[in-house]
Amino acid sequence: MYLIRLDDASEYMDVEKWNRIEKLLDRYSIKPIVGVIPNNQDKELVNSYSFDPEFWYKAKSWQEKKWAIALHGYTHVYSTSKGGINPINFQSEFAGVPLEEQKRKISKGIKVFRNYGIETKIFFAPSHTFDHNTLRALKLTSHIRIISDTIANDIYKRKEFHFIPQQSGSVRRLPFKLTTFCYHPNNMNEEDFILLENFFEKHKSEFTCFHKLNFADRKATIYDKFLKKAYFSIRSIRNMFR
Ligand SMILES: [Zn+2]
């Protein structure tokens with residue numbers, strides 16, 4: 001099955017593109033996971049888009065139509081060059097940051113959400129990068145026990161956390177039991193929208209949503225571990241030749 005994840009919703013975003021993707025998803029009755037930045041201070045976003053005073057109403061309306069809202073960091077500003085336990089990139093708001101600081105970020109983020117009536121069960125970090133202290137911080141300051149970010153064939157549980165795989169940045173047929181396609185609507189161009197719509201048209205019945213996922217006590221299998229190892233080995237070889 002396939003899942004859609006949308007990253008970087010906040011008071012500073014490309015409202016037109018977000019409206020466009022919302023309409024597209026509604027047309028195919030696909031409910032995404034949306035990563036909301038509680039206190040966006042990322043200059044790339046803040047300086048690119050004007051402040052949207054309606055944003056939190058919109059987030060609330062997404063929640064009402066069963067889109068799953070995820071806590072997507074706190075400020076979305078990178079302070080380390082660490083990759084942590086999911087080293088997709090080597091920049092992070094969380095990986096390598098002391099536990100106390102991570103706790104502070106998560107509890108403040110949740111407080112912002114609560115102020116606007118947003119509930120969340122999911123976390124994913126900016127740049128996909130977090131570490132064991134991020135999990136500790138989530139455990140100590142929140143009820144969040146689900147992470148959308150790992151390379152695997154299917155959802156698995158490790159210690160108290162369920163990890164939802166997130167393997168691709170654009171739609172394509174992939175052989176995994178569960179695949180999350182991660183999109184950044186702010187950066188989508190005409191072609192991205194068309195390819196996405198074509199894929200929905202052909203594969204509509206293969207899409208699921210967060211509320212239908214099975215959070216059983218499934219441990220990561222040898223196959224999941226192999227996929228993760230293979231993915232990051234290929235990635236690091238590629239980086240060597242950059
Ligand atoms: Zn982001």
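Is the crossing of H4 and H5 left-handed or right-handed? The crossing of these two helices is right-handed. The model described here is predicted. Its secondary structure comprises seven helices and eight strands, and the protein has 242 residues.

**Overall form**

- The radius of gyration of the protein is 17 Å, which agrees with the value near 18 Å that a compact globule of 242 residues would have.
- Taken along the principal axes, the box filled by the C-alpha atoms is roughly 45 × 40 × 40 Å.
- Buried residues account for 39% of the 242 residues.
- When contacts between residues at least 6 apart in sequence are considered, 73% of them join residues at least 24 apart.

**Helices H4 and H5**

- Helix H4 spans residues 99-115 and helix H5 spans residues 132-141.
- The axes of H4 and H5 come within 9 Å and cross at roughly 50°; H4 is therefore oblique to H5.
- On the H4 side, the residues that meet H5 are Leu99, Gln102, Lys103, Ile106 and Ser107.
- On the H5 side, the residues that meet H4 are Asn133, Thr134, Arg136, Ala137, Leu138, Leu140 and Thr141.
- Sorted by class, this contact of H4 with H5 contains five nonpolar, five polar and two charged residues.

**Lysines with a positive phi**

- Most residues other than glycine have a negative phi.
- Lys66 has a phi near 70°, a positive value in a residue other than glycine.
- Lys66 is placed in the loop that runs between helix H3 (55-64) and strand E3 (68-71).
- Around Lys66 there are 10 other C-beta atoms within 10 Å, and Lys66 is exposed because a residue with 12 or fewer counts as such.
- Lys159 also is not a glycine, yet its phi is positive, at about 55°.
- The loop that holds Lys159 lies between strand E6 (156-158) and strand E7 (161-164).
- Lys159 has 8 other C-beta atoms within 10 Å, so Lys159 too falls under the limit of 12 or fewer and is exposed.

Note on methods. Residues numbered from 1 in each chain as written. Predicted model: local features only at pLDDT ≥ 70, side-chain atom pairs only at ≥ 80, totals over all residues. Axes fitted to C-alpha atoms, helices over the stretch in contact; angles between N-to-C directions. Helix = DSSP H or I, 4+ residues; strand = E, 2+ residues; numbered from the N terminus. Parallel < 35°, antiparallel > 145°, perpendicular 65-115°, else oblique. Left-handed = near helix turned anticlockwise from the far one by under 90°. Contact = placed C-beta atoms within 7 Å. Nonpolar A, V, L, I, M, F, W, Y, C, P; charged D, E, K, R; others polar. Buried ≥ 20, exposed ≤ 12 C-beta atoms within 10 Å, placed from the backbone. Rg over C-alpha atoms; globule rule 2.2 N^0.38 Å.
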